[in-house]
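Please open the model in your viewer and keep the selection tool at hand. The tour below goes from stop to stop, naming what to select and what can be found there.

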Amino acid sequence: MSVPNELMWALIGLLLTIGGTFVEAFATNPPWDWSGHGIQAVSLGVTYQIGAVLLTGCLGGKSAGALSQIAYIVLGLGSNLPVFTQGGGLSYLKQPSFGYLLGFILGAWVCGFLAFRMPPRIESLSFSCLCGLLTIHLYGIGYLIVFHALNLAAFGNLSLLQSIMKYSIYPLPGQLVVTCAVTVLAFALRQLMFY
């Protein structure tokens, strides 16, 4: 991919990540339930933030994906703009969820690397998204372990296991649904853009 295209996708990824941070993900209730209760929106308990990270990797590639997330971290830490879920600024380094934000960089890179190593099929894009999601969670859990051991982050009264449950296990089902949606969207867009 050419440098101008990578920069364009990096900018798109940055904007999608910022926007996705504040938009909650919803799904409908199952179709077999529609006759009794009608179509209802059900919260997935997550935002589209991870979806934006993975979509950028799938469409822009490894460099654009990583660059967009580096810009996101720098913008969030270097300013007092509320681009992160709970604000911004250097004090955000002490937030337990910051490791997941750092994981966005390598997660987007892994997703973009794998998405362009194989032909754009649902299976290969799904695999690349799942690997990116796994990378994000590994970084986040690693951050939780280190900062919990050194007592550096603001964990409150949560144990390490409770922190892992709160930040990795509980949001995972919703993130998997968003990942599935990203896979289908990335596949459709890659077909439309002929790459």
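Begin by selecting phenylalanine 194, which counts as exposed because its relative accessibility is 76%; here buried means under 20% relative accessible area, exposed over 50%, and partly exposed in between, with a 1.4 Å probe and protein chains only. This is a predicted model, in which local features need pLDDT of at least 70 and side-chain atom pairs count only at pLDDT 80 or more, while totals for chains, interfaces and linings use all residues. Residues are numbered from 1 along each chain as its sequence is written, and side-chain values use heavy atoms, with hydrogens and water left out.

Phenylalanine 194 is placed in the segment after H7, and although it is not a glycine, it has a positive phi of about 60°. Helices (H or I, at least four residues) and strands (E, at least two) are DSSP runs, numbered from the N terminus.

Select methionine 193 next, which also has its place in the segment after H7. Methionine 193 counts as partly exposed because its relative accessibility is 32%, and, not counting residues up to four places away in sequence, it touches Trp9 and Leu59, where contact means heavy atoms within 4.5 Å.

Now select helix H7, residues 172–192, whose 21 residues reach 30 Å from the first C-alpha to the last, close to the 30 Å expected; the expected span of a helix is 1.5 Å times one less than its number of residues. Its buried residues are Gly174, Gln175, Val178, Thr179, Val182, Thr183, Ala186 and Arg190. An α-helix has 3.6 residues a turn, so residues three or four places apart point the same way. To see what covers the buried residues of H7, display strand E1 (24–28), strand E2 (41–47), helix H3 (49–78), helix H4 (98–115) and helix H5 (122–150), which are included in that cover.

Within helix H7, pick out threonine 183, which counts as buried because its relative accessibility is 4%. Leaving aside residues up to four places away in sequence, threonine 183 touches Ile122, Leu125, Ser126 and Cys129.

Which residues does glycine 51 touch, not counting residues up to four places away in sequence? Select glycine 51 in helix H3, and you will find it touching Val178 and Val182. Glycine 51 is buried because its relative accessible area is 5%, and its C-alpha is 26 Å from that of phenylalanine 147, which is 96 residues away in sequence.

Stay in helix H3 and select glutamine 49, which counts as buried because its relative accessibility is 9%. Apart from its neighbours within four places in sequence, glutamine 49 is in contact with Thr17, Gly20, Thr21, Tyr72, Thr85, Leu101 and Phe104.

The next stop is the largest nonpolar core, which has 38 residues, and in which Leu54, Cys58, Tyr72, Phe84, Phe98, Leu101 and Phe104 touch the most other members. Helix H1 (3–21), H3, H4, H5, helix H6 (160–169) and H7 each supply at least two residues of this core, and its largest share, 10 residues, comes from H3. A nonpolar core is a set of buried Ala, Val, Leu, Ile, Met, Phe, Trp, Tyr and Cys residues joined through side-chain atoms within 4.5 Å. Centre the view on phenylalanine 98, which touches Ile73, Leu77, Phe84, Tyr92, Leu93 and Tyr143, not counting residues up to four places away in sequence.

Finally, turn to charged side chains: a search of the whole structure finds one salt bridge, defined as a side-chain nitrogen of Lys or Arg within 4 Å of a carboxyl oxygen of Asp or Glu. Select glutamate 123 and arginine 121, whose side chains meet in this way at 3.4 Å, N to O. Arginine 121 is partly exposed because its relative accessible area is 46%.
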